[in-house]
Amino acid sequence: MSFEKRSSARRARGQTRSARAAPRVFVDSVSDSGKEELERKQAMKILVIGLGGVTNGGKTTLAEKLKKLLPNCDTLCQDDFFKPESEVETDERGFKLYDVLDALYMDEMVKTIHNWMKSHTSSGVATEEPMDTCNSLKMTEDVYILVVEGFLLYNYEPLNELWNRRYFLTLPYEECKRRRSTRVYQPADTPGYFDGHVWPMYLKYKNEMEESASNIVYLDGTKSQEELLSYVYNDIIQELKKLREGNQQVTA
């Protein structure tokens with residue numbers, strides 16, 4: 001089942017999924033062409049990209065555009081792992097505490113990423129022309145990419161062990177508040193929610209992230225979508241080149 005179908009169903013607490021069983025391979029019965037295919041699959045590489053940052057920073061839009069440009073690419077949204085409203089804590093002011101790790105099924109999110117790493121569920125089709133002039137499709141034919149987007153990606157240690165590349169979108173307070181005011185949430189933001197919960201939690205987790213995490217690429221969310229897409233796309237292409245060159249050195 002694709003991530004799109006799973007996310008539309010929303011995840012219920014206690015729901016379990018068994019990981020896809022690895023196929024048994026009997027090498028002695030495989031033809032020459034089959035052996036070549038087996039060796040090609042064994043040489044496949046995966047790239048897990050984190051696209052984190054502030055609320056309304058453009059994470060989802062950027063992830064969707066990257067999926068269209070990069071072959072063998074799938075996306076996963078952290079918002080799909082929110083607990084039901086009844087299980088999210090409420091503080092003394094009546095604010096639902098959605099912008100904290102406890103509001104999310106983080107263990108299930110990690111398991112989902114691990115399952116993708118085992119099974120490579122991507123369709124493998126790029127729907128738009130690559131932005132660079134190199135033969136990107138050929139270069140990435142044996143590399144599978146997962147772009148994970150969310151607002152609390154780098155404050156959970158089991159996730160930090162998975163990233164090949166990490167990006168973090170930022171916005172100044174006024175711009176973030178303006179964008180947030182144009183969105184409709186369910187449940188809706190109550191008066192004072194942004195200043196009383198959303199923004200303070202963003203600053204808290206950002207500070208914690210900066211103290212413990214490294215190799216994070218910060219992106220200015222006020223820049224145009226085209227400029228952000230161009231930068232991140234080309235940066236990922238460079239990572240793919242390194243991954244492929246490293247694989248060639250190992251198999252040489």
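How many of the residues of β2 are buried?

Guide: The model is a predicted one, and its pLDDT averages 80 over the chain, with 71% of the residues scoring at least 70. In strand β2, five of its five residues are buried, and the strand is thus described as mostly covered. The cover extends to both faces: Cys-73, Thr-75 and Cys-77 are buried on one side, and Asp-74 and Leu-76 are buried on the other.

The place of β2 in its sheet comes next. Five strands form an open sheet in the order β2-β3-β1-β4-β5, and their pairing is parallel. Strand β2, residues 73-77, lies at one edge and β5, residues 216-220, is the other edge strand; each of the two pairs on one side only. On average, neighbouring strands of this sheet are turned by 20 degrees against each other, with direction ignored. The partner of β2 is β3, residues 143-150, which runs parallel to β2 and is joined to it by five bridges.

Gln-78 counts as buried because its relative accessibility is 0%. Beyond its neighbours within four places in sequence, Gln-78 touches Leu-104, Met-106 and Met-109, and also Glu-149, Gly-150, Phe-151, Leu-152 and Leu-153.

The axes of α7 (residues 173-181) and α8 (residues 193-212) come within 12 Å and cross at roughly 115 degrees; the crossing is right-handed. The residues in contact are Tyr-173, Cys-176, Lys-177 and Arg-180 from α7, with Tyr-193, Phe-194, Asp-195, Val-198 and Trp-199 from α8. Six of these contact residues are nonpolar, three are charged and none is polar.

Residues 4-31 have a pLDDT under 50 throughout, and the model gives them 28 contacts beyond four places in sequence. Residues 37-42 are also below 50, with four contacts beyond near neighbours in sequence.

Definitions and conventions. Residues are numbered from 1 along each chain as its sequence is written. This is a predicted model: local features need pLDDT of at least 70, side-chain atom pairs count only at pLDDT 80 or more; totals for chains, interfaces and linings use all residues. Side-chain values use heavy atoms; hydrogens and water are left out. Two strands pair if DSSP finds at least two bridges between them. Helices (H or I, at least four residues) and strands (E, at least two) are DSSP runs, numbered from the N terminus. Axes are lines fitted to C-alpha atoms, for helices over the stretch in contact, and angles run from 0 to 180 degrees between N-to-C directions. Buried means under 20% relative accessible area, exposed over 50%, partly exposed in between (1.4 Å probe, protein chains only). Contact means heavy atoms within 4.5 Å. A crossing is left-handed if the near helix is turned anticlockwise from the far one by less than a right angle, and right-handed if clockwise. Ala, Val, Leu, Ile, Met, Phe, Trp, Tyr, Cys and Pro count as nonpolar, Asp, Glu, Lys and Arg as charged, and the others, Gly among them, as polar. pLDDT is the predictor's confidence in each residue, from 0 to 100.
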